[in-house]
Amino acid sequence: MHLRNVTDEDLPHFFEHQRDEVALHMAAFPTREREAFMAHWRTKVLIPQNVTRTIVVDEQVAGYISSWEQNGERLIAYWVGREHWGQGIATRALSEFLALEPTRPLHACVASHNVGSIRVLEKCGFRVEPQQNAQHEDGVVELFMTLKA
Ligand SMILES: CC(C)(COP(=O)(O)OP(=O)(O)OC[C@H]1O[C@@H](n2cnc3c(N)ncnc32)[C@H](O)[C@@H]1OP(=O)(O)O)[C@@H](O)C(=O)NCCC(=O)NCCS
C-alpha cells in the first residue's frame with residue numbers, strides 16, 4: 001500500500017466506490033451522480049487547501065483519503081473499494097496520512113454502526129467525543145472523533 005497524489009484518471013474509480021450500496025450504507029452517506037461527483041471533486045476536494053491522496057494497492061486505485069477545513073475544524077475522510085476491505089489498508093493509509101496532515105486536533109465524523117471505520121480511527125489514536133455526537137433525521141447517530149495533539 002502506498003499513497004500518491006490524485007490524478008484525473010483516479011476519479012472514475014472513486015466514483016464507482018461511492019456507488020457501492022454496501023459501502024454507502026456503512027458510511028451512511030448519499031451517493032452522487034457522475035457529473036455532480038466529478039464537479040465536487042474538481043472544485044471542492046482537489047484544491048490546494050486540502051490534503052488528498054490516492055490509496056494504491058498492487059498498482060490499483062484502492063481508494064482515497066482526504067482532509068479539509070470545515071467550520072474552523074480540520075476533518076478527514078477516506079473510502080476503500082470493497083474488493084480491498086479487510087486487509088488493513090485503511091489503517092495503514094490513515095497512519096501514513098497522519099504524517100502528511102500535521103493539523104491537530106484532527107476530526108472525523110462516523111456513523112455509529114460503521115464499526116470498521118471506528119476501529120480504523122481508534123487504532124490511529126482517534127477517540128469519540130460523546131458530547132459532540134449528533135443524531136440525524138433518519139435516525140443515524142454520527143460520532144465525532146478526535147485525534148488530539
Ligand atoms: C471502513 C473502511 C474504510 C475500512 O477499511 P478496511 O481497509 O477494510 O479496514 P482495515 O482492514 O484497516 O480494518 C481495521 C479494523 O476494522 C475492522 N473492520 C473493518 N471492516 C469491518 C467491518 N465491516 N465490520 C467489523 N469490523 C471491521 C478490522 O477487522 C480491523 O480490526 P482489527 O485490526 O481489530 O482486526 C472501508 O470498509 C470503507 O471504505 N467503507 C466504505 C466507506 C466508509 O465507511 N468510509 C469511512 C467513513 S467515516
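Within strand β8, M145 is the bridge partner of A108. The structure is a predicted model, in which local features require pLDDT of at least 70 and side-chain atom pairs count only at pLDDT 80 or more, while totals for chains, interfaces and linings use all residues. Residues are numbered from 1 along each chain as its sequence is written.

**Overall architecture**

The protein chain contains 5 helices and 8 strands. Both kinds of element are DSSP runs numbered from the N terminus, with helices being H or I of at least four residues and strands being E of at least two. Along the sequence, these elements follow the pattern β-α-α-α-β-β-β-α-β-α-β-β-β. The radius of gyration of the protein chain is 15 Å, close to the 15 Å given by the globule rule for 149 residues, so the chain is as compact as a globular protein of that length. Here the radius is taken over C-alpha atoms, and the rule is 2.2 Å times the number of residues to the power 0.38. Along the principal axes, the C-alpha atoms of the chain fill a box of roughly 40 × 35 × 30 Å.

Of the 149 residues, 26% count as buried. A residue is buried if 20 or more other C-beta atoms lie within 10 Å of its own, exposed if 12 or fewer do, and partly exposed in between, with C-beta atoms placed from the backbone. Among contacts with a separation of 6 or more, 55% come from residues 24 or more positions apart; a contact requires C-beta atoms, placed from the backbone, within 7 Å.

**Pairings of β8**

Strand β8 spans residues 141–147. Two strands pair if DSSP finds at least two bridges between them, and the table lists pairings of β8.

| Strand paired with β8 | Sense | Bridges |
|---|---|---|
| β5 (residues 106–111) | antiparallel | 6 bridges |
| β6 (residues 127–128) | antiparallel | 2 bridges |
| β7 (residues 134–135) | antiparallel | 2 bridges |

Q135, in turn, has V141 as its bridge partner in β8. A hairpin is formed by β7 and β8, with 5 residues between them, and G139 in its turn has a positive phi of about 95 degrees.

**Ligand surroundings**

There are 22 residues around the ligand, of which A27, A90, T91, G116 and R119 come nearest. A residue belongs to these surroundings if its C-beta atom, placed from the backbone, lies within 6 Å of the molecule. The elements giving two or more residues to this shell are α2 (21–27), β4 (73–80), α4 (89–100), β5 and α5 (115–123). The greatest share comes from α5, with 5 residues.

By class, the shell holds 14 nonpolar, 7 polar and 1 charged residues. For this count, Ala, Val, Leu, Ile, Met, Phe, Trp, Tyr, Cys and Pro are nonpolar, Asp, Glu, Lys and Arg are charged, and the others, Gly among them, are polar.

**Nonpolar core**

The largest nonpolar core comprises 27 residues, and I65, Y78, A93 and L94 have the most contacts inside it. At least two residues of this core are supplied by each of α1 (11–17), β3 (60–70), β4, α4, β5, α5 and β8. Helix α4 gives the most, with 5 residues. Such a core is a set of buried Ala, Val, Leu, Ile, Met, Phe, Trp, Tyr and Cys residues joined through C-beta atoms within 7 Å. In soluble globular proteins, nonpolar side chains tend to be buried together. Apart from neighbours within four places in sequence, Y78 is in contact with G63, Y64, I65, A90, A93 and L94.

**Backbone details and exposed positions**

The peptide bond from R104 to P105 is cis, with omega near -5 degrees. P105 lies in the loop between α4 and β5.

Phi is positive at D58, near 50 degrees, in a residue other than glycine. At E59, also not a glycine, phi is near 65 degrees. D58 counts as exposed because it has 7 C-beta neighbours inside 10 Å. E59 has 5 other C-beta atoms within 10 Å and is therefore exposed.

N5 is placed in strand β1 (residues 2–5). With 9 other C-beta atoms within 10 Å, N5 is exposed. N5 and P30 are 25 residues apart in sequence and, C-alpha to C-alpha, 25 Å apart in space.

Notes
Contact = placed C-beta atoms within 7 Å.
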